[in-house]
Amino acid sequence: MQTLAELSECFQLYAVCDQCQRVARVDINTLMEKEGGDYPIDRIRMRLYCTTCRKRTQALRIVYVGPGGKAAHFRYR
Ligand SMILES: [Zn+2]
């Protein structure tokens, strides 16, 4: 199981709402401050919901950005 600490090394998280197609970045560092680095990604997924239409979503996109998240560009489709 992946944890916040593991993902924060090389990845960014984006939540996607199926209903309104809204995409929002989920700040891993903020989550780690609140929940701790051992917090599993699966639980983040269970707690997601869209603040626009208030629908729950479990669509979480994990985007590779390279070590330290310093990659200037990344592809998103
Ligand atoms: Zn929505």
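Predicted model: local features only at pLDDT ≥ 70, side-chain atom pairs only at ≥ 80, totals over all residues.

Reply: A residue is called buried if 20 or more other C-beta atoms lie within 10 Å of its own, exposed if 12 or fewer, and partly exposed in between. Cys50 has 19 C-beta neighbours inside 10 Å, so it counts as partly exposed. In the protein, buried residues make up 10% of the 77 residues.

Leaving aside residues up to four places away in sequence, Cys50 touches Cys17, Gln19, Cys20, Arg22, Lys55 and Thr57. One of these contacts is Arg22; between Cys50 and Arg22 there are 8.0 Å from C-alpha to C-alpha, at 28 residues apart in sequence. Across the protein, 66% of the contacts with a separation of 6 or more are between residues 24 or more positions apart.

Now the wider setting. The protein has 3 helices and 3 strands, which follow the pattern α-β-β-α-α-β along the sequence. An open sheet of 3 strands is ordered S2-S1-S3, and its pairing is antiparallel. Strand S2 (23-26) and S3 are at the edges and have a single partner strand each, so one side of each has no neighbour in the sheet. From one strand to the next, the twist averages 30 degrees. Strand S1 (residues 11-16) pairs with S2 over 4 bridges in the antiparallel sense. Ala15 has Ala24 in S2 as its bridge partner.

Notes. Residues numbered from 1 in each chain as written. Contact = placed C-beta atoms within 7 Å. Helix = DSSP H or I, 4+ residues; strand = E, 2+ residues; numbered from the N terminus. Pairing = 2+ DSSP bridges. Axes fitted to C-alpha atoms, helices over the stretch in contact; angles between N-to-C directions.
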